[in-house]
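Visitor: Hi! I'm new to this one and would like a friendly walk through it. Can we have it up on the screen?

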Amino acid sequence: MIQKILNEFSVNFHFYMKLLAEHIGIIAVSISIAVVVGLWIGILISKKPKLANYIISVVNIVYTIPSIALLGFLISLTGIGNTTAIIALTIYGLLPIVRSTYVGITTIDPSIIEASQAMGSKELQILYKIKLPLAFPVIFSSIRNMVIMTVALAGIASFVGAGGLGVAIYRGITTNNEMLILVGSIIIALLALVLDGILGIFEKLVLSHKLKKIGYKRFTAVIVAVIVGLTTILVTQKSSKDTIEIASKPTSESYILAEIAGELIMNETDLDVNITHGIGGGTANIHPAIEKGEFDIYPEYTGTSWQIVLKKDENYTNDKFETLNKAYEESYGLTWRGLLGFNNTYSLGIRKELADQYNIETFSDLAQFANQFTFGAEYDFFEREDGYKALMDAYKLNFKKVRDMDNGLKYQALFDGKLDVMTVFTTDGQLSDSRIKILRDDKEFYPKYIAGFVIRKDIIKKYPELEEVFKKLENSISEMDMAEMNYRVEIGKESPRDVAISFLKDKGLWRDKDE
Amino acid sequence: MNKIIEYDSITKSYNGKVILEDFSLDIMEGDFLCIVGTSGSGKTTLMKMINGLIVPEKGNIFIGGRNIKDENLISLRRKIGYAIQGNSLFPHMTVFENISYVPKLEGKKEEELSEIVNETMKLVGLPDDIKEKYPSQLSGGQQQRVGIARAYANNPKILLMDEPFGAVDSITRFHLQEDLRSIHEKTKCTIIFITHDIYEAFKMGIHILVMNNGKIEQYGRKEEVFKYPKTDFVKNLIAMAKLS
């Protein structure tokens, strides 16, 4: 196990180091703002007890908002990316600082403050020379806690497309790769421990008055320099101009498609590509971001756009593509390119031996023998409006037995004979297994979810060479191809990028550059 | 002798309760005035009005003939030493930093500060080797001496002391009292000294002011107060002093 972790870390060393740098950058900015603003608010309310009660209750309430909810809410205001993450982390960081500053200052022996006042200190002098140093132990211990919390919380920030080690974790979750999750988490934990250690040493130095000898000014200067440095790294990171920004949804398939597009663009053109993987909320959040120009390209499904973006009630069918694309071009400045040819939709899978035995090819064929089979689906299939009941009615299906079953266990249950028929996605990785057969939805009960790429029109105008790239990708992937690639990522634990490149090579789309 | 502090028809109340009403008093330059009285008699309020920590509702206070309403309180306070009961030393500062606090606010240079600290420490009888120590590392008596040294460091004309020896044992207190008297003789600084211990008041003071419920029971030279107590309240106090 440890060997595996070390191996994963050393193989992808640069990947993790880049994420670590981003992580540190994001938390450094958030923590600095939270400390400065938190101290300021805490100092302000320490003189106004009535206002203090009010402000502290407000921050308390904000603190109880679940982080995912806050991030999701912020997306609608500040979009996707580091800024949103920093705002959320800063908001969470504020509370402990405000409260501890308030408590730290108001619990100082009033006779000490009065003495300093009586000796002719000005307000600011009382603050810097007396109040803050005396409140330091209380304030600093809350800063320590806040830093640890922020390091951990920043892991969730990749949900809104921010960088940092959460990218590894999130990618691991969506592609079923526990090594990524483990290594990402371990680095976060180590970072938290190291920072806590450094802060502990700092605290000791201050409390034992040793830092006084080093000089606070010199020390502050170093801290400020480090933070400014990290911030500039973070800010300048994405400023290179000829970079195409690609986004992906939090699914293995979307990761692979984004990598295929990215790798082919870099292979065919002089453009650089930056991929932000696994934007939480998928279409609902990527669509507004690409409209604003935060991204240039992302892999999408026609049926999804039809329902979520255009908000149409009727099912999407292939003849509606012109309508869909026209709406995109006219309303959003976006266009569809590179329809890959495969359809990722609900379907039914049956154990291969049964299909052969009864000669079943389509949903309608299945209806004749359904009363001899056990049917399985995940829990929510029975709840959805377009789920179990609708399907049964459409094809007049009537199974012998119906079981609900966790998505991850479905395939094994089918191979073990506990299920005979079950719901599948047409590109599920495990469909590449020969023991299962997909049936054809001959009445087109399910909408078509044809995969392709949504691209900003501006970017095609600016880089016409992209047309050629996406033309090459048209009809290049079958359902079985996609299922196999998903299998390689989810079960074979290969990285989406490696799978993408080997796909391009197999299809003869990859040009070896002599460099 | 000149008047250094004048209270002119002062009125002060807290939450509707009148503490001082139409109170007037003159304090002479170079005096060692001990204010005695029960708690709540208004003695601390009187003292804190001198450096503007408490502002009267009515009336005026003059220092050196000038109304403190027209003065810059910050620079006024730096010229008035302040030492109070218990440990009001700054716990995060060394003895050196505590004593040099006001001169440093005044912008004095490092060398001057050292000189001031050395002199003041000698004046109050503190050993040289505790300069870099923190208040928590000192004995109770040493802490009080540092408090006095800090109050003296900027060469004040007036020194305000609110039960400065209230928290130390009787032997230490005896030495502190002796030393404060000799410091007063050396510096000729005007000292306003609040105590609830009548014995201490008679030992230390030149003048004695006896306060009760915001009113002056008696104000005069201590010999006079001792021999001719004006009211029953003062008589009782003196009877107690004789017992102790």
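Visitor: Let's start where the chains meet. What does B:Lys48 form a salt bridge with?
Guide: B:Lys48 pairs with A:Glu114, and the closest N and O atoms are 2.9 Å apart. Keep in mind that this is a predicted model.

Visitor: How many salt bridges are there between chain A and chain B?
Guide: The count between the two chains is 1 salt bridge. Polar contacts across the interface of chain A and chain B come to 6 residue pairs.

Visitor: Now the wider picture. How many salt bridges are there over all chains?
Guide: A search of the whole structure finds 34. One of them is between A:Glu268 and A:Arg511, with the closest N and O atoms 3.3 Å apart.

Visitor: What does that pair tie together?
Guide: A:Glu268 lies in helix α12 (residues 252–268) of chain A, and A:Arg511 is in the segment after α23 (496–506), so the pair ties together parts that are 243 residues apart in sequence. A:Glu268 is buried, with a relative accessible area of 18%, whereas A:Arg511 is partly exposed, at 45%.

Visitor: Which residue does A:Asp420 form a salt bridge with?
Guide: That would be A:Arg351, again with the closest N and O atoms 3.3 Å apart. A:Asp420 is in the loop between α19 (407–415) and β8 (421–425) of chain A, while A:Arg351 is in strand β5 (residues 346–351), 69 residues apart. Both ends are buried: A:Asp420 has a relative accessible area of 10%, and A:Arg351 comes in at 11%.

Visitor: Which residues are linked in a network of salt bridges?
Guide: A:Arg144, A:Asp196 and A:Glu203 are linked that way.

Visitor: You mentioned strand β5 of chain A. In what order do the strands of its sheet lie?
Guide: The order is β7-β6-β8-β5-β9, giving an open sheet of 5 strands with mixed pairing. At the edges are β7 (401–404) and β9 (436–438) of chain A, each pairing on one side only. Neighbouring strands here are turned by 35° against each other on average, direction ignored.

Visitor: How many bridges join β5(A) to β8(A)?
Guide: There are 5, and the two strands run antiparallel. For instance, A:Ile350 has A:Val421 in β8(A) as its bridge partner.

Visitor: What about chain B? How do β1 and β2 pair there?
Guide: Strand β1 (residues 3–14) and strand β2 (residues 17–28) of chain B pair in the antiparallel sense over 8 bridges. As one of the partners, B:Glu6 has B:Asp26 in β2(B).

Visitor: How many residues are between the strands of that hairpin?
Guide: The hairpin of β1(B) and β2(B) has 2 residues between the strands, and B:Asn15 takes a positive phi near 45°.

Visitor: Last one: which way do β1(B) and β4 of chain B run, parallel or antiparallel?
Guide: They run antiparallel, with 5 bridges joining β1(B) to strand β4 (residues 58–63) of chain B. There, B:Thr11 has B:Lys58 as its bridge partner in β4(B).

Key:
Residues are numbered from 1 along each chain as its sequence is written. Chains are lettered from A and ligands numbered from 1 in the order in which they are written. This is a predicted model: local features need pLDDT of at least 70, side-chain atom pairs count only at pLDDT 80 or more; totals for chains, interfaces and linings use all residues. Side-chain values use heavy atoms; hydrogens and water are left out. A salt bridge is a side-chain nitrogen of Lys or Arg within 4 Å of a carboxyl oxygen of Asp or Glu. Helices (H or I, at least four residues) and strands (E, at least two) are DSSP runs, numbered from the N terminus. Buried means under 20% relative accessible area, exposed over 50%, partly exposed in between (1.4 Å probe, protein chains only). Two strands pair if DSSP finds at least two bridges between them. Axes are lines fitted to C-alpha atoms, for helices over the stretch in contact, and angles run from 0 to 180 degrees between N-to-C directions. A polar contact is a pair of N or O atoms within 3.5 Å; within protein, one must be able to donate a hydrogen and the other to accept it, and residues adjacent in sequence count only if both atoms are side-chain atoms.
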